[in-house]
Amino acid sequence: MSDYCYRLVKGFLANSMLAVRVLTRSVQRHREEKVCQRVVFSWFGDGKKLVDFRGDAHFYLRGSVEYANSQLTSEELQGIIGLRLLQTCVNYCLETGMQDPMETDYRALCEELKGPPKGYVLPFLLNTDDIEADRYSINPLRQSLMDSGQSAFPVANIKTEPLCVDKAFVEKYEGTLISKEEVELITEELLQHEKYMDFVDSVKFRQLEALSKVFGINFDFYSLRMPLSILQTEKKDDILHYIISEAHKSYQSIKQAYDCMGRSIAKRSTLLAVPHSKKGYGSKRAAHGKIQLSDTKLLNVNVKYKPTTLYSNGIDPKDVAITHGEDDFTIEGEHFVDYSYSETPASPQFFLYALASPENAALWHGIGAFAASQLLQTYVSAHKACNDDKLIPGLAEKYSLAHNKVPLSFNLVPEGMWRNPERQNIDASVGTVKDLNTFINRGVWLEHLTEYQ
C-alpha cells in the first residue's frame, strides 16, 4: 500500500467528510430515481477511444484540466486527486454505510484507488476546447504560437507543426513553472501529434501515468471535450446547436441569458456565442462585440478582434501573454437564430454549453480566490432557469437528459491548494516540486459550496 495514498485518504476524510456526506445523500436520491441517459466519453487508458454509456445509470462527477498549458500543474494534479478521492469515498459509503472512518476503511479505500474508477459515481474530465493556448501565460510554446499566427485561435483549431518550445520561456521559468524533464517530454510529444489538443492530452496522460505509480492511485479518467469538438460533429438540430439557437431566438431569450449572468441588457456587449473570424481567431477575450436588437428579435452581432492581453501567471504579473489578431465583421441575427456551426463557427459561453454536460456534480478549483465566483453563480443561475423552462425551454425532454436539477458544486478550498514550496504559485508544474511530501502534507480539502445552491 502506498504511504502517499494512505496519508491522502486519511487527511481527506479528516478534512472533507462533510462534503462526502453531502454528495452521498444526493447520490442516494439519484439512484432511487433510476435516471439514465446516453453519454459518450473519450478514454486514454490504453490509447484514445470512445466509450459509450447507453442507458447505464450513473451519477456523473465532473472535474477538469486545461488545454492552456501542456505541462501538468500543481492545481490540476490536486483537482484530479480530489476528484478520485471524492468519487471513491462516496461509492464506498454507498456500499458500506461508512459514517466515522476507521483504520480498516482507510486501507480498503487505498485498495479501491489502485484500480480505475468504477461504481455508481463516475468521474470525468470536462476539457474546454474554445480557450486560448496561453490563457494563463504559462505555455512554453508561447513564441511559436505568436509567430505561427495562432495565439488568438481556439485550441480546438491549433496545429502543432509550426510549434516549438520557447527557450527564453524555459530559461526564465525553469524551476517555477516548468522543469527540464517536462521540456523534454513536450518536445518529444510535439513530434507525434498534428492536433494541439491530442498533444496536450498525451503529455498530461504520460505525466499522470507516472504519478499514478508514485501515489498508488489510478488516474485513468474518462474525458469530454466541449464545446467546439461537439459542435464540429453535430447536425443543426443536435443539442449544442439547439442551445445556441434558442438562446438567440428572441429579445426575451437574450434578456433571460443576460439575467443569468447578472448583467443589464442595456449595453449588450457580452456575446452569448462569439463568432470566429475567417482568419481563424476565436479568442473570447480578444473579441469585443455588440448585440443589436429590435423590440422582439436579434438583428445582428458585430464583433471586433484586436490584440489583447490574457491572464498573468503566478511568478511575473508583468509577463502577460498577448493574443495577436485584428478583424471586424457583422453576422446577421438569423445565422444565430437558426444556427449552423459549419456556416458560422462560434464559441458559446460556458454557462450555455455546460447545460449539455452530463454532470450531476462538479469540482471547482479555488472559487473565491483563484477562480471567479461570478462564473459559478452564472452557471447555477442558468441551470435553475433552464430547469424552470425560462432558459432553453424543454431542453431535458427534447434530448432525454437525465439531470434536471442544479448540479452540486464542490471546491478545492483556496487556502489548502497545492503550491510550489518556494514561490507559492499554484500554476507551478508538477515537475518543479521535487519532494511530493510538500503536497501530501497539505492534503486535499474539499468544501460543498452551499451558498451557490
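Helix α4 supplies the largest share of the lining of the second largest cavity, with 3 residues. Please keep in mind that this is a predicted model. The cavity is one of 3 in the structure that reach 30 Å³ or more, and about 70 Å³ of space lies in it.

The residues lining the second largest cavity are Ala133, Asp134, Arg142, Leu145, Met146, Gln150, Ser151, Leu310, Ala321, Ile322 and Thr323. Two elements give two or more residues to this lining: α4 (142-147) and β10 (322-323). Sorted by class, the lining has 6 nonpolar, 3 polar and 2 charged residues.

Now for the strands you asked about. An open sheet of 3 strands runs in the order β7-β8-β11, with antiparallel pairing. Its edge strands, each pairing on one side only, are β7 (287-293) and β11 (327-332). On average, neighbouring strands of this sheet are turned by 15° against each other, direction ignored. Between β7 and β8 (residues 298-305) there are 7 bridges in the antiparallel sense, and glycine 289 stands opposite valine 303 in β8.

Another antiparallel pair joins β1 and β5 (residues 222-226) over 2 bridges. Here serine 42 sits opposite serine 223 in β5. Strand β1 (residues 39-43) is largely enclosed by the rest of the structure, because 4 of its 5 residues are buried.

Key: Residues are numbered from 1 along each chain as its sequence is written. This is a predicted model: local features need pLDDT of at least 70, side-chain atom pairs count only at pLDDT 80 or more; totals for chains, interfaces and linings use all residues. Side-chain values use heavy atoms; hydrogens and water are left out. Buried means under 20% relative accessible area, exposed over 50%, partly exposed in between (1.4 Å probe, protein chains only). Two strands pair if DSSP finds at least two bridges between them. On a 1 Å grid over the protein atoms alone, a cavity is a set of points where a 1.4 Å probe fits but cannot get out, and a pocket is an open set with protein on both sides within 12 Å along at least five of seven lines; lining residues have an atom within 4 Å of a point. Grid points are joined across faces, edges and corners, and a volume is the space filled by probe spheres set on the points. Ala, Val, Leu, Ile, Met, Phe, Trp, Tyr, Cys and Pro count as nonpolar, Asp, Glu, Lys and Arg as charged, and the others, Gly among them, as polar. Axes are lines fitted to C-alpha atoms, for helices over the stretch in contact, and angles run from 0 to 180 degrees between N-to-C directions.
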